Amino acid sequence: MVDVILGLQWGDEGKGKIVDYFASQYDIVARFQGGPNAGHTLYVGPSKQKIVLHQIPSGVFHQGAINLIGNGVVLDPVTLSKECATVSGFGVDLRKNLFISERTHLILPTHRALDKAAELQKGEAKIGSTLKGIGPAYMDKTGRNGLRVGDLLHKSFTTSYIKLRLKHQKLLDTYHFNEDITAWEEEFFEAIELLRGLNIVNGEYFINEQMARGKKVLAEGAQGSMLDIDFGTFPFVTSSSTTSAGVCSGLGVAPQRIREVIGVSKAYCTRVGSGPFPTELHDETGEELRRIGSEFGATTGRPRRCGWMDLVALRYACMINGVTQVVMTKADVLDAFPTLQVCTAYKIDNAATDKVPFQMTRVPVEPVYQSIRGWNTDSTACTTADSLPEEMRSYIGFINEQLGTPVKYVSNGPGREQIVHL
């Protein structure tokens, strides 16, 4: 049995906390796509120390849970090495609870260089890449050139690495990219020695054998559904399948194994980088959302673009994922607003539609809003559904009615305990 937690917007929905909250109910937490562009924020230990995980699954701080990096992920050994050092500092024995699929593709230093070179050449047309080498690594995967974690265990790895590096260098020459990446390579080869010492497994057999023994799996998504390579706001998307369909190809599990699909959505919307964002606010309200919500990228530090809840996009994300329940995060950020706006439709060419268009960048998309009364009271101490402000319950009820998919949980603060089961 596999339950899935994934984002329903443009990423940054607070999935890390939600996975951390649910992880104790599962035996295995598995990442199935994405790379170090993920930034899953957790608050760990008695002092609530902030930890941002980019590659390691968010169940790593739960004693007894197995954490698997699946084949659908692209792995940066340097990022992983730094994370391992941080996590180990909290007394976690990664040699016991972290496993990596041998089919997981590696991000090489030249992938990072290619990412940077390509983004620089695009100029104003850039897509807002995190410059982590993720896109080029996935390109090598689909182009059948990539190196995988299992290749590290073979004596031919260095030869294969040099061959691919030379191919990348020819591409870099066409971009006139002259940056010295020697230091990146030194870090890389140090990091792969640590990686070789971790638990490298045949991921698909590993996870299916665990399930055959009755183990429960939580599949952890990265980024968000609106960044999906197929169904997102192309070309301003990521390079992997961020939807529930990606679980099957990213872990090697059959579709009928999936039970619950838990979608995570903020009570408003944010986006990092370029691309369409119909409900984006360019005024003081947008600035206030950013300030109160501390909306700065966990991976890049970039300020997030902020706007009101977009139910057109949220309905779409619930549909393509088969979402069975929704977790609404950062509801407390709306505590200070006397009136809220919710986008219920788009106006395109003077006609209203409740569907996400094929290409948002080709037509002006005007959000159609419905005003809802805010609650103007501090909700962060609420622990039960009944204790939530009446207007917040009305806001959630309106979203339930519009989505047809129930909001089952509301997160009303960054702490692990600040989540209300409805």
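Guide: Grid points are joined across faces, edges and corners, and a volume is the space filled by probe spheres set on the points. This is a predicted model, in which local features need pLDDT of at least 70, side-chain atom pairs count only at pLDDT 80 or more, and totals for chains, interfaces and linings use all residues. Residues are numbered from 1 along each chain as its sequence is written, and side-chain values use heavy atoms, with hydrogens and water left out.

Visitor: How many residues line the second largest pocket, and which lie nearest its centre?

Guide: The lining has 18 residues, with His 54, Asp 76, Thr 79, Lys 82 and Lys 132 nearest the centre. The space in this pocket is about 300 Å³. Helices (H or I, at least four residues) and strands (E, at least two) are DSSP runs, numbered from the N terminus. Two or more lining residues come from each of β4 (49-53) and α2 (77-88), and α2 gives the largest share, six residues.

Visitor: Which domains supply at least three residues each to the lining of that pocket?

Guide: Domain bounds come from an automatic or database domain assignment. The pocket lining draws at least three residues from each of domain 1 (2-104 + 199-262) and domain 2 (105-196).

Visitor: How many cavities of 30 Å³ or more does the structure hold?

Guide: There are two. The largest cavity holds about 40 Å³ of space, and its lining draws at least three residues from each of domain 1 and domain 3 (264-421). β3 (40-44) supplies the largest share of that lining, three residues. The second largest cavity holds about 30 Å³; among its lining residues are Asp 76, Trp 184 and Phe 188.

Visitor: Which backbone features deserve attention?

Guide: Most residues other than glycine have a negative phi, and most peptide bonds are trans. Here a cis peptide bond joins Phe 234 and Pro 235, with omega about 5°. Pro 235 belongs to the loop between β10 (217-220) and α9 (245-251). Arg 144 has a positive phi, near 65°, and is found in the loop between α5 (134-142) and α6 (157-174).

Visitor: Why does Arg 144 count as exposed?

Guide: Buried means under 20% relative accessible area, exposed over 50%, and partly exposed in between (1.4 Å probe, protein chains only). Arg 144 counts as exposed because its relative accessibility is 75%.

Definitions and conventions:
On a 1 Å grid over the protein atoms alone, a cavity is a set of points where a 1.4 Å probe fits but cannot get out, and a pocket is an open set with protein on both sides within 12 Å along at least five of seven lines; lining residues have an atom within 4 Å of a point.
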